[in-house]
Amino acid sequence: MDAALNQIFFPQTYQELFSRWAKHPDAVPYAGGTMLFSLQGSRTPALPRKLISLDKLAELRRISRTERYLEVGAMVKLSDIIYLGKIVPEALTRCLEGIANPQVRNLATIGGNICFKDRRMDGSAPMIALDALYELRSAQSSRWVSASRFSSLPGPINLGPQELLSRIRIPLEQWNYTICKKYPAAGTNNSGGFMVFILKNQKDTLTDLRIVFTGSLILRDKKSESILVGRRLPLERKDIHTFMDHWRIYLSAIHSMDDLLLEKVNNFVKTSLLALADG
Ligand SMILES: Cc1cc2nc3c(=O)[nH]c(=O)nc-3n(C[C@H](O)[C@H](O)[C@H](O)COP(=O)(O)OP(=O)(O)OC[C@H]3O[C@@H](n4cnc5c(N)ncnc54)[C@H](O)[C@@H]3O)c2cc1C
């Protein structure tokens, strides 16, 4: 490879970034670099020839909070979100705490986690479950898209050419019950997927339920979830059985996922629900 052709840009403003990107459309955003580097097989990493470092864009590091939302810039490190403490929804904290190790989490950004193209990394599961919104910027405009529309599978992430994830808006709602599960990829230490199970409970009535898996594909069945919304807690076993019947029908239509992983996901959902049952 001709090293002279390698270029890395360090824009300080959006204007600078998008004008560079227009001149070098093949340039790739570089956030913490942990994913870009971990994909390199050889001892000398063969990174994309042209990189746009997002490091100098102060706006992408901003964290703000209102009564209803937590907003984090795409360049906020995973560890910095964890350090925010109790204001962060538990499902997100638990997910981020399970990613790699403290050294990687000090470099890795939330934007890099969400924007990896080949599969949905762990952060997408809590973002979808919590109804997060993503702000996407291009040279001409910015738009907001829901985490579920951004990450839907099969297919690529909902990010246009020369479009950047700039901000993530996470609703700060009270979830009364959170269970998460991480699945290693078969035969490796890599993540094979992440599952979130959250629910709201008001006066012993289940008022909202979200069950989301992300990995090589995304599992979420709103129809099954709606079966249990409005039921009294503890749940009656017959309601759990009805739910599981629907959930199994939903899973039976999934052909592109490893059977063993599907079985594990199914068991996790069943066990989580039985923990909410009477007797
Ligand atoms: C040892 C190790 C273990 C890991 N374990 C896990 C794990 O258990 N679970 C998990 O989910 N991940 C894991 N990862 C993967 C990865 O490190 C994280 O997902 C991380 O959050 C990626 O962030 P980054 O800032 O380093 O992204 P980068 O590597 O810089 O970028 C990743 C991709 O996103 C694009 N990108 C980055 N930011 C933006 C943006 N703002 N807008 C548009 N595109 C953008 C880049 O062009 C690139 O394609 C692991 C990585 C390592 C090295």
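# Strands, pockets and domains

Q: Which residue in β3 stands opposite V28?
A: L51 is the residue of β3 that stands opposite V28. Keep in mind that this is a predicted model.

Q: How do β2 and β3 pair, and over how many bridges?
A: They pair in the parallel sense, over three bridges. Strand β3 covers residues 50–53.

Q: What order do the strands have in that open sheet of three?
A: The order is β1-β3-β2, and the pairing is parallel.

Q: Why is one side of β1 and of β2 left without a neighbour in the sheet?
A: β1 (7–9) and β2 (28–30) stand at the edges and have a single partner strand each, so one side of each has no neighbour in the sheet.

Q: By how many degrees are neighbouring strands of this sheet turned against each other?
A: The average is 30 degrees, with direction ignored.

Q: And side chains, where do they go in a regular strand?
A: As a general point, the side chains of a regular strand alternate between the two faces of the sheet.

Q: Changing topic. What volume does the largest pocket have?
A: About 1200 Å³.

Q: How many residues line the largest pocket, and which lie nearest its centre?
A: The lining has 48 residues, and those nearest the centre are M35, L36, G112, F116 and M121.

Q: Which helices and strands each supply at least two residues of that lining?
A: On the helix side there are α2 (34–38) and α6 (110–115). The strands are β2, β8 (164–171) and β9 (177–184). β2 is also one of the edge strands of the three-stranded sheet.

Q: How do the lining residues divide into nonpolar, polar and charged?
A: For the largest pocket, 28 are nonpolar, 14 are polar and six are charged.

Q: What about the second largest pocket, what is its volume?
A: The second largest pocket has a volume of about 290 Å³. Its lining is made of 14 residues, with K86, V88, P89, E173 and Q174 nearest the centre. By class, that lining has eight nonpolar, two polar and four charged residues.

Q: Domains next. Which domains does the domain assignment give?
A: The assignment gives domain 1 (3–53), domain 2 (58–171) and domain 3 (178–274).

Q: How many Å separate the centres of domain 2 and domain 3?
A: The separation is 22 Å, with the centres taken over C-alpha atoms. In terms of contact, 20 residues of domain 2 meet 18 residues of domain 3.

Q: What order do the strands have in the open sheet of four?
A: That sheet runs β9-β10-β11-β12, with antiparallel pairing. β9 and β12 (218–219) are its edge strands, and each pairs on one side only.

Q: How many bridges join β10 to β11?
A: Ten bridges join β10 (residues 191–202) to β11 (residues 205–215), and the two strands run antiparallel. Q202 has T205 of β11 opposite it.

Q: Which helix packs on the sheet, touching β9 and β10?
A: That is α4 (residues 90–97), whose direction makes about 25 degrees with that of β9. Another helix, α11 (residues 259–274), lies across β9, β10, β11 and β12 and runs at about 160 degrees to β9.

Q: And β6, what joins it to β7?
A: A hairpin joins them through four residues. β6 and β7 (residues 142–146) run antiparallel and are joined by five bridges. Within that pairing, L136 stands opposite R143 in β7.

Q: In which sense do β6 and β8 pair?
A: β6 and β8 pair in the antiparallel sense, over five bridges. R137 has L164 of β8 as its bridge partner.

Q: Back to loops: where is the place of D131?
A: D131 sits in the loop between α7 (124–129) and β6 (133–137). Its phi is positive, about 60 degrees, although D131 is not a glycine.

Q: Last one. Is the peptide bond from L233 to P234 cis or trans?
A: The bond is cis, with omega near -5 degrees. P234 belongs to the loop between α9 (222–228) and α10 (237–252).

How values were computed. Residues numbered from 1 in each chain as written. Predicted model: local features only at pLDDT ≥ 70, side-chain atom pairs only at ≥ 80, totals over all residues. Heavy atoms only, no water. Pairing = 2+ DSSP bridges. Axes fitted to C-alpha atoms, helices over the stretch in contact; angles between N-to-C directions. 1 Å grid on protein atoms, 1.4 Å probe; cavity = no way out; pocket = protein on both sides within 12 Å on 5 of 7 lines; lining within 4 Å. Points joined across faces, edges and corners; volume = space filled by probe spheres on them. Nonpolar A, V, L, I, M, F, W, Y, C, P; charged D, E, K, R; others polar. Domains from an automatic or database assignment. Contact = heavy atoms within 4.5 Å.
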